[in-house]
Amino acid sequence: MAGQLDGLRVAIIATNGVEQAELEQPRQAIDEAGARSTLISLSTDAIQAMNSDINKGDTFTPDKAISDVSADDFDALVLPGGTINADQLRQSGDVVSFVQSIFAAGKPVGVICHGPWTLVEADLVRGRTLTSYPSLRTDIRNAGGHVVDEEVVVDNGLVSSRNPGDLDAFCAKIVEEFGEGSHSVHDEGATAQA
């Protein structure tokens, strides 16, 4: 796996309430494969990670604020879960615009657990097949997505998983998909709402 992603620039967007394992394990997997990951948040203030949404985990210092980056700076994106994290991110116009730009360029994206909430907000699940934490599935269907209950799902460069129990499969698949590079642009639902 080492060297598989040499030179690849991967954005990881998270804020307070991020599920710690869903931040750390994908980041470790892509970094070990040779990518350069950048933790992006709403600001550069330290963020509080959580374990199972209710137990405080570690704090992490973002590398960049979302207002200081462009989708052009990155080759791929990871959106970890955590209920509070995802709920805050989907309310940020800067985050929604960034994610829409990543999708518009056909860049691969990994999203796990509650992470798809940002994709729903950005109108990016229409016509796609993905999975998520069970409580988001109605939101995804209402936004035009097709939901399945599987460990890991790939749809034209979009990798999704349900929860921390799926992390091994998720991490392996994002390394594989990120290594393939950009995919054909899926623009069925790529209307800007920011």
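The model is predicted: local features need pLDDT of at least 70, side-chain atom pairs count only at pLDDT 80 or more, and totals for chains, interfaces and linings use all residues. Residues are numbered from 1 along each chain as its sequence is written, and side-chain values use heavy atoms, with hydrogens and water left out.

**Exercise 1.** Determine how many helices and strands the protein chain has, and whether its radius of gyration agrees with that of a compact globule.

*Solution.* 
Step 1. Helices (H or I, at least four residues) and strands (E, at least two) are DSSP runs, numbered from the N terminus. The protein chain contains six helices and eleven strands.
Step 2. The radius of gyration is taken over C-alpha atoms, and the globule rule is 2.2 Å times the number of residues to the power 0.38. For 194 residues a compact globule would have a value near 16 Å; the protein chain has 15 Å, which agrees.
Step 3. The C-alpha trace spans about 35 × 35 × 30 Å along its principal axes.

**Exercise 2.** State what share of the residues of the protein chain is buried, and what share of the contacts with a separation of 6 or more joins residues 24 or more positions apart.

*Solution.* 
Step 1. Buried means under 20% relative accessible area (1.4 Å probe, protein chains only). By this rule, 53% of the 194 residues are buried.
Step 2. Contact means heavy atoms within 4.5 Å. Residues 24 or more positions apart account for 70% of the contacts with a separation of 6 or more.

**Exercise 3.** Locate Val 10 and describe its surroundings.

*Solution.* 
Step 1. Val 10 lies in strand E1 (residues 9–13).
Step 2. Val 10 counts as buried because its relative accessible area is 0%.
Step 3. Neighbours within four places in sequence are set aside; the contacts of Val 10 then include Ile 30, Phe 74, Val 78 and Phe 178.
Step 4. Pro 108 is 98 residues away along the chain, and its C-alpha atom is 9.6 Å from that of Val 10.

**Exercise 4.** Is Val 125 buried or exposed, and where is Val 125 found?

*Solution.* 
Step 1. Val 125 is in the loop between helix H4 (116–121) and strand E8 (129–130).
Step 2. With a relative accessible area of 0%, Val 125 is buried.
Step 3. Leaving aside neighbours within four places in sequence, Val 125 touches several residues, among them Leu 119, Leu 130, Ile 140 and Gly 145.
Step 4. The C-alpha atoms of Val 125 and His 146, 21 residues apart along the chain, are separated by 8.1 Å.

Note on methods:
Buried means under 20% relative accessible area, exposed over 50%, partly exposed in between (1.4 Å probe, protein chains only).
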